[in-house]
There are 2 protein chains.
Amino acid sequence: MKLALKEAQKAATLDEVPVGAVIVKDGKVIARAHNKKEAKLCATRHAEIEAIEKATKKVQNWWLEDCDLYVTLEPCAMCAGALINSRLRAVYFGAYDPKAGCCGSLYNLPVDTRFNHRLTVEGGIMRDECAQILTDYFKRKRK
Amino acid sequence: MKLALKEAQKAATLDEVPVGAVIVKDGKVIARAHNKKEAKLCATRHAEIEAIEKATKKVQNWWLEDCDLYVTLEPCAMCAGALINSRLRAVYFGAYDPKAGCCGSLYNLPVDTRFNHRLTVEGGIMRDECAQILTDYFKRKRK
């Protein structure tokens, strides 16, 4: 999660909403990414999607077997769906997102047994640090 | 929807699950795309995501205001979330997807008032033609 926070910090310096993500397989980091919505002018470019695309390139397979994703903010519906589609093993997130989070807050999509794949979900890891970087960013933006 | 079906047909000839999507703004087609999961070895490359990314490039804005998406199959969680994030106006789909559909089947995410954007959702448009192309594809695959 510390590496994901570093990625979030990178996003903040680039004037992106500071969210960072890392994908780990067999104890090794195979992808690290941050939110690039503004840079790429596209609402699909969340940190999780960027990380998934880097990881699939790395392993040369769309199926991210035995891979775990660490992300500083609870994934939204799009990202929760992408985790299911990519068949990751687990998602560990930092801050909860009561307005859009779909891994426990509004929905918990990755544990829905009706989908053809389920993930382990654990939230609240380093939640204070993960939330603080977002709070600081939005405070600066409002000024 | 006929244009979206043409895109799905393209996907079928490329040995991709045949789903096609088109985005329309002010009566003009601004993006057409098909599923590229196998070509790009990535589970995020659904027709809807491809279409959204083409459309945002075209209008040079992540906010797809006054844009409508036509897709041959009911969007999954990832794609339904991407439609919300990109703030499209409406989604019109063909065949229902009882196993993964999140625009009426398992969930109806784009109409959830807790999200910061809602879409008009209409399913079942040319549903027989849209379902047939999928049925034919999977029949061929099983042989």
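**Entry 1: the shared surface.** I started with how the two copies meet: 100% of the interface residues of chain B are also interface residues in chain A, so the copies meet through the same surface. A reminder to myself that this is a predicted model.

**Entry 2: symmetry.** I laid chain B on chain A and got an RMSD of 0.0 Å, using a turn of 180° and a shift of 0.0 Å along the axis. That is how a two-fold axis relates its copies. I then looked for the C-alpha of chain B nearest the axis and found M78(B), 1.9 Å from it.

**Entry 3: the interface.** I counted 31 residues of chain B in contact with 31 residues of chain A. Together the chains bury about 2,600 Å², and carbon and sulfur atoms give 64% of that.

Next I checked the polar side. There are 10 residue pairs in polar contact between the chains, and two salt bridges cross the interface. One of these joins R45(B) to E53(A), with the closest N and O atoms 2.7 Å apart. As for helices, α2 (47-59) and α3 (77-85) of chain B each bring at least two residues to the side touching chain A; α3(B) gives the most, five residues.

**Entry 4: cysteines.** I searched the whole structure for disulfides and found zero. C130(B) is in no disulfide either, the nearest cysteine sulfur being that of C103(B), 14 Å away. With 0% relative accessibility, C130(B) is buried.

Technical notes: Residues are numbered from 1 along each chain as its sequence is written. Chains are lettered from A and ligands numbered from 1 in the order in which they are written. This is a predicted model: local features need pLDDT of at least 70, side-chain atom pairs count only at pLDDT 80 or more; totals for chains, interfaces and linings use all residues. Side-chain values use heavy atoms; hydrogens and water are left out. Copies are superposed by least squares on the C-alpha atoms of residues with pLDDT of at least 70 in both. Contact means heavy atoms within 4.5 Å. A disulfide is a pair of cysteine sulfur atoms within 2.5 Å. Buried means under 20% relative accessible area, exposed over 50%, partly exposed in between (1.4 Å probe, protein chains only). Buried area is the accessible area (1.4 Å probe) that two parts lose on being put together, summed over both. A salt bridge is a side-chain nitrogen of Lys or Arg within 4 Å of a carboxyl oxygen of Asp or Glu. A polar contact is a pair of N or O atoms within 3.5 Å; within protein, one must be able to donate a hydrogen and the other to accept it, and residues adjacent in sequence count only if both atoms are side-chain atoms. Helices (H or I, at least four residues) and strands (E, at least two) are DSSP runs, numbered from the N terminus.
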